[in-house]
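Thanks for making time for this one.

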Amino acid sequence: MLTLRAARRVAVTVRRSELGREAVAGLRPRGIYGMLRERAPLSLILYAAALDGRLVWRGPAAFVLLEPPYASRARGRPAVLSRIADRYWEPLTMMVPPAALLGLSLLLVALRQWSAMVLWAALVLALLAMLHVCVLMTAMVATMLVRWAAGLPPRREREWRAAGDLRFLHWSMPLFHCADPAEAPILLERAKERLRDLVRAQVVHATEDVAARTRTVEVNELLLCLPAGATSVAARDEVVKASVNAEGPGGTGVRFMATGSRPAIRLAKPFESGSFLGLYLVGLVVIVLAEAVLVADAERDACGTDCAGRPAGYPEAVRWLAWRLIGGNPADLIPVTAQAWTVGWLTTIAALMAPLILLVTAVRMAAAHKERMARFVERMNPVLGTTTVLIMVATPVERQAMLEAIGQVTGEAPRRRNLRWHTAFELGVVGGAQVLLAQTRPGSTEPGAATLTAQSLIDQLDPDYLLLTGICYGLMTKKQKLGDILVCTQLRIMDHKKIAEPALGRPVERARGDRVTPSVTLLDKCQTARLTQEGPAVHFGPLLSGNVLLDSPTERLRMIEADPEAIGGEMEGLGVYAAAAKDKVDWIVVKAIADWGMDKEDTWQPIAARNAAEFVVDVLRTGGLDRPPISR
């Protein structure tokens, strides 16, 4: 266990490192207009983290500090003094010194040792308390005016500010100290393992509260890394490298993501919420009530038995001090002792600080409101402006074509997401849609085929739109060409049928499968995706879907005779439709012709898959899928 003395030595080592002072400045940002630090000294932060198990320790030259999301920082944690000091360092440094001085002053008065030295000591302590508040308020106002005149933004808005004020929804790593770059990957791996254990412990604790028990916990956590928290250039490079090379939540279930130092969610400070003004006024009332004892005792000792017109009683002293709050005196009460007048003037000075505090509070409330509105817009734009589009394919050729088509637009490498039973690829944002890609096995009825795969992906990813794309076979050789794109306007299920034999040896098939229409929104976006006929032609019409890999001229001719309006056929659409209909997800099938359902060859498969993928990209780039469907 890290001791407080050892934590002090480590703090000195961190500050002396290459970027140590900058990292500590980010961990301990200055508060209101740069007057006080918001967090405790680094030694206390490290000591509290060690008590919580959030300090990944390999020695004084290699350790990582982990910070939990703000909402869980105090939940289920015992009140350790170092942790309390860390969380409330700024208000403590602002309020504790004057409160302690006033407490000592009142203690001297309560002892009733009425010597001149004791009385003057009590007055000096009270004066120092008022002076502390006065200096802070004056300095804040002066700094505010200077920065306003110079047109400088408050320190709070600087990009390097952050770790102490981060209220992330995920865990964060605000401090990374590693003197030996060779140990950095090992240390980062240890941080992932520790975070996994901490998250599991949280889950176990939460289930205990509801009298439940969990056997296994699948961790899928995002660790937000602050490059500014690295204490050397080499350490910072390792953090960025770990974030860039993160391939998803496999292994330990933790994925790194580098971020700047701006907080995503932040609670308003006392000077930003107006609460400090209330605290100050309450404190002023308490001080007046306490000072009334000193005034009444001093006047009573001086006047003896004839105390008419003097604040020698406690109610009279309170009334006289209440007048002193506005700098006046009641006509019927006039003190004569120096002690009473000194206390009265200190009370007036304390009251004069209220307008200054009101001014600072008003300015900070306005600035905080503007900042919170900006944060709200920043957070809600991705929520309102980004939908989730899941694209499903059935073959490696189709998957590769989609990866290349999306990659040419986003310029990003796909990021793997290991889901339960399946793997999805995050392809980035096209237009305003977050694109995910998943591959199913051909057909719809196998355990790994389209029906169960689509259902599982919908349950885990909750997409707004589901597009099935890839290759298919065409049924209209006179109107179509290999490579042409087919967009489903109606999906006709082939597998559900009735076979009757009205005459011996002459069976008759009657289709009973669903004839369903895809999403009106998706169909409209496909119809308007391309306004010219450049490239492969796009055909709209009914598609046949069934668990049959068609390579028969006879069967093909029978299908055309049974359904002459059909423009083509494929194998996975009925599974996607069945899963999407259950969860009310907008769906559509967009595929390109790779063969005619007979004399199959693989020559046209890459071309057809590429044509279908590029058409889907065109649909996304129009921006028509940037908003979720109204029904969702």
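Start with Ala 592. Setting aside neighbours within four places in sequence, Ala 592 is in contact with Gly 470, Ile 471, Cys 472, Gly 483, Asp 484, Ile 485, Leu 486, Ala 608, Asn 611 and Ala 612. Contact here means heavy atoms within 4.5 Å. The residue lies in strand β17, where helices (H or I, at least four residues) and strands (E, at least two) are DSSP runs numbered from the N terminus. With a relative accessible area of 0%, Ala 592 is buried. On that scale, buried means under 20% relative accessible area, exposed over 50%, and partly exposed in between, with a 1.4 Å probe and protein chains only. Cys 472 is 120 residues away from Ala 592 in sequence, yet their C-alpha atoms are 5.8 Å apart in space.

Some housekeeping. This is a predicted model, in which local features need pLDDT of at least 70 and side-chain atom pairs count only at pLDDT 80 or more, while totals for chains, interfaces and linings use all residues. Residues are numbered from 1 along each chain as its sequence is written, and side-chain values use heavy atoms, with hydrogens and water left out.

Now the overall numbers. The chain has 18 helices and 17 strands. Of its 632 residues, 48% are buried. Among contacts in the chain with a separation of 6 or more, 75% are between residues 24 or more positions apart.

Which loop holds Lys 584? Lys 584 sits in the loop between α17 and β17, and at 62% relative accessibility it counts as exposed. Its phi is near 55°, a positive value in a residue other than glycine. Asp 599 is in the loop between β17 and α18. Asp 599 also has a positive phi, near 50°, and is not a glycine. Its relative accessibility is 62%, so Asp 599 counts as exposed. For context, most residues other than glycine have a negative phi.

Next, aromatics. How many aromatic pairs does a search of the whole structure find? The search finds three. Rings of Phe, Tyr and Trp (its six-membered ring) pair if their centres lie within 6.5 Å; planes under 30 degrees apart count as stacked, over 60 as edge-to-face and the rest as tilted. I will show two of them. Trp 57 and Phe 63 have ring centres 5.5 Å apart and planes at 20°, so this pair is stacked. Trp 57 is partly exposed at 35% relative accessibility, whereas Phe 63 is buried at 0%.

In the pair of Tyr 577 and Trp 587, the ring centres are 5.9 Å apart and the planes are at 55°, so the pair is tilted. Tyr 577 belongs to helix α17 (residues 573-583) and Trp 587 to strand β17 (residues 586-595), so the pair ties together parts that are 10 residues apart in sequence. Tyr 577 is buried, with a relative accessible area of 15%, and Trp 587 is buried at 6%.

There is also a charge over a ring: Arg 324 lies over the face of Trp 345, at 4.5 Å from the ring centre. The criterion is NZ of Lys or CZ of Arg within 6 Å of the ring centre and within 35 degrees of the ring normal.

Finally, helix packing. The axes of helix α13 (residues 396-410) and helix α18 (residues 605-621) come within 8 Å and cross at roughly 40°. Axes are lines fitted to C-alpha atoms, for helices over the stretch in contact, and angles run from 0 to 180 degrees between N-to-C directions. The two helices are therefore oblique to each other; angles under 35 degrees count as roughly parallel, over 145 as roughly antiparallel, 65 to 115 as roughly perpendicular and the rest as oblique. The crossing of α13 and α18 is right-handed, that is, the near helix is turned clockwise from the far one by less than a right angle, with anticlockwise being left-handed. Residues that meet there include Val 397, Ala 401 and Ala 405 in α13 and Ala 609, Ala 613 and Val 617 in α18.

The other pair is helix α1 (residues 4-16) with helix α3 (residues 42-52), whose axes come within 8 Å and cross at roughly 125°. α1 passes α3 in a right-handed crossing. Among the residues making this contact are Leu 4, Ala 7 and Val 14 of α1 and Leu 42, Leu 46 and Tyr 47 of α3.
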